[in-house]
Amino acid sequence: MQSSQRRPYHPPMQIQLSHPARTVEVKGPKKVKDLLRELNLPVEAHLVIKGDDLVTEDEMLYDWDQIEIRPVISGG
Amino acid sequence: MNCTKCKTKAVIGLSRHNAAFCKVCFNGFVHDQVARAIKSEKMFGKDERILVAVSGGKDSLALWDILLKLGYRADALYVNLGIGAYSEQSHVKVTKFAEAVAASHGATLHLHTVEQEAGAGIKELAQLIHRPTCSTCGTIKRYQFNRMAVEQDYDVMATGHNLDDEAARLLGNVLHWQEEYLNKQGPSLPASVEGFAKKVKPLFRLSERELAAYAVLNRIDYIVEECPMAKGSKMLQYKDVLNRLETESPGTKQTFYWGFLEKQRAKQPMATTMTEKDRAVLHPCASCSQPTTAEICSYCKMMARAKAHSA
């Protein structure tokens with residue numbers, strides 16, 4: 001049975017990435033591990049930060065969340 | 001996902017340990033790993049003076065933070081390489097950390113500016129002497145950190161090399177069968193001859209991701225941008241390959257590097273053989289007195305070439 005109430009439209013998640021700095025849009029809701037897989041980013045080489053908080057791979061992310069995917073690799 | 005230890009909400013999952021931690025338990029885990037590294041490799045004691053090589057990146061600032069919180073006497077040296085905005089930003093990060101965190105522990109930050117001594121930044125120097133920038137940078141940093149440690153009577157010099165750095169370096173050395181480098185790769189290198197400081201890597205048990213998480217959780221403001229000179233480097237390629245393997249098979253990097261260390265220990269006590277070998281081939285540089293295999297060390301040769309080209 002479909003709900004008669006329509007959800008308010010919300011634009012997709014704005015994901016902030018580095019190296020190079022850029023923003024990509026991904027439609028939520030989505031688990032962290034699925035988001036990384038979709039962007040072809042290995043879990044081991046990245047941290048996902050929601051707002052100011054570090055989150056684990058099973059965390060569910062929504063369109064209104066502020067997300068940063070931070071690469072952890074450095075060094076020449 | 002809940003914390004394996006206290007069952008509250010976890011902030012990081014560590015597949016290679018089949019564990020997850022909240023912030024408090026994760027900090028405990030990180031400190032414990034560093035304490036174990038220091039003890040197992042006999043790196044230094046609480047009464048010894050340590051010089052930490054800091055760059056403004058997550059690893060070296062996390063190392064300084066951890067050592068101070070564990071109660072060690074750790075000062076730091078930052079070498080400003082003169083890589084435009086990148087060096088300016090990293091300089092600011094290091095200075096801020098020194099003022100906001102390290103000063104309250106009574107720790108001092110030393111500074112060295114390449115341009116002041118060499119007359120040019122690292123990029124220009126590398127061009128002048130026709131050598132790759134990363135190799136020029138390595139020579140200068142090794143030289144300056146060792147010089148500061150020896151001249152200021154530090155007992156040991158500590159760098160922020162982590163499990164990923166060491167595993168990637170090992171992969172590179174194995175791929176090219178560089179046995180001489182393999183023999184010298186370890187988390188604790190002795191002060192084999194006069195003029196050489198003891199060098200240790202207290203973060204060798206922790207991955208790059210764990211250290212980035214430590215920095216984020218403890219609000220350590222580090223430089224996230226990659227060094228512009230390191231783009232496309234072999235080390236970054238090796239790290240990428242290892243991390244793709246690690247994601248599929250957690251524990252790969254640890255098994256690879258720690259396994260190497262175990263085999264190395266079983267074969268021969270590295271400190272003894274390294275000391276013997278170094279004593280046989282090293283002597284003071286005719287120009288600056290730092291140990292070298294040649295008459296003039298590579299740093300002095302580099303400076304002489306740079307001065308000749310710029311004159």
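Among contacts in chain B of this predicted model that link residues at least 6 apart in sequence, 69% join residues at least 24 apart. Chain B contains 13 helices and 10 strands. Its radius of gyration is 20 Å, close to the 19 Å that the globule rule gives for 311 residues, so chain B is as compact as a globular protein of that length. Along the principal axes, the C-alpha atoms of chain B fill a box of roughly 65 × 45 × 40 Å. Of the 311 residues in chain B, 41% are buried.

In soluble globular proteins, nonpolar side chains tend to be buried together. Here the largest nonpolar core has 94 residues, and the members touching the most other members are Phe26(B), Ile50(B), Val52(B) and Trp64(B). Leaving aside residues up to four places away in sequence, Phe26(B) touches Val11(B), Ile12(B), Phe21(B), Ala213(B) and Leu217(B).

One helix pair in chain B can be followed in detail. Helix α7 (residues 163-175) of chain B and helix α10 (residues 234-248) of chain B have axes that come within 9 Å and cross at roughly 105°. An angle from 65 to 115 degrees counts as roughly perpendicular, so α7(B) is roughly perpendicular to α10(B). On the α7(B) side the residues that meet the partner helix are Asp164(B), Ala167(B), Ala168(B), Leu171(B) and Gly172(B), and on the α10(B) side they are Lys234(B), Met235(B), Tyr238(B), Lys239(B) and Leu242(B). Sorted by class, this contact has six nonpolar, one polar and three charged residues.

Chain A has 76 residues, of which 26% are buried. Its secondary structure consists of one helix and seven strands, and from the N terminus on the elements run β-β-β-α-β-β-β-β. Among contacts in chain A with a separation of 6 or more, 53% are between residues 24 or more positions apart.

Two cis peptide bonds occur in chain A, at the following prolines. The bond from His19(A) to Pro20(A) is cis, with omega near -5°, and Pro20(A) is found in the loop between β1 (13-17) and β2 (22-26) of chain A. The bond from Gly28(A) to Pro29(A) is also cis, with omega near 0°; Pro29(A) lies in the loop between β2 and β3 (30-31) of chain A.

Backbone phi angles give two further points to inspect. Asn40(A), although not a glycine, has a positive phi of about 55°. Asn40(A) sits in the loop between α1 (32-38) and β4 of chain A, and it counts as exposed because it has 6 C-beta neighbours inside 10 Å. In chain B, Ser289(B) is likewise not a glycine and has a positive phi of about 80°. The loop between β9 (283-284) and β10 (291-292) of chain B holds Ser289(B), which is partly exposed, with 15 other C-beta atoms within 10 Å.

The two chains meet through 19 residues of chain A and 28 residues of chain B. On the chain A side, the elements that give two or more residues are β4 (46-50) and β5 (53-54). By class, that side has eight nonpolar, six polar and five charged residues.

Met1(B) has contacts in both chains: apart from residues up to four places away in sequence, it touches Thr56(A), Asp58(A), Ala10(B), Gly13(B) and Ala20(B). Met1(B) is in the segment before β1 (12-14) of chain B. Met1(B) counts as partly exposed because it has 15 C-beta neighbours inside 10 Å.

Definitions and conventions
Residues are numbered from 1 along each chain as its sequence is written. Chains are lettered from A and ligands numbered from 1 in the order in which they are written. This is a predicted model: local features need pLDDT of at least 70, side-chain atom pairs count only at pLDDT 80 or more; totals for chains, interfaces and linings use all residues. A nonpolar core is a set of buried Ala, Val, Leu, Ile, Met, Phe, Trp, Tyr and Cys residues joined through C-beta atoms within 7 Å. A residue is buried if 20 or more other C-beta atoms lie within 10 Å of its own, exposed if 12 or fewer, and partly exposed in between; C-beta atoms are placed from the backbone. Two residues are in contact if their C-beta atoms, placed from the backbone, lie within 7 Å. Helices (H or I, at least four residues) and strands (E, at least two) are DSSP runs, numbered from the N terminus. Ala, Val, Leu, Ile, Met, Phe, Trp, Tyr, Cys and Pro count as nonpolar, Asp, Glu, Lys and Arg as charged, and the others, Gly among them, as polar. The radius of gyration is taken over C-alpha atoms; the globule rule is 2.2 Å times the number of residues to the power 0.38. Axes are lines fitted to C-alpha atoms, for helices over the stretch in contact, and angles run from 0 to 180 degrees between N-to-C directions. Angles under 35 degrees count as roughly parallel, over 145 as roughly antiparallel, 65 to 115 as roughly perpendicular and the rest as oblique.
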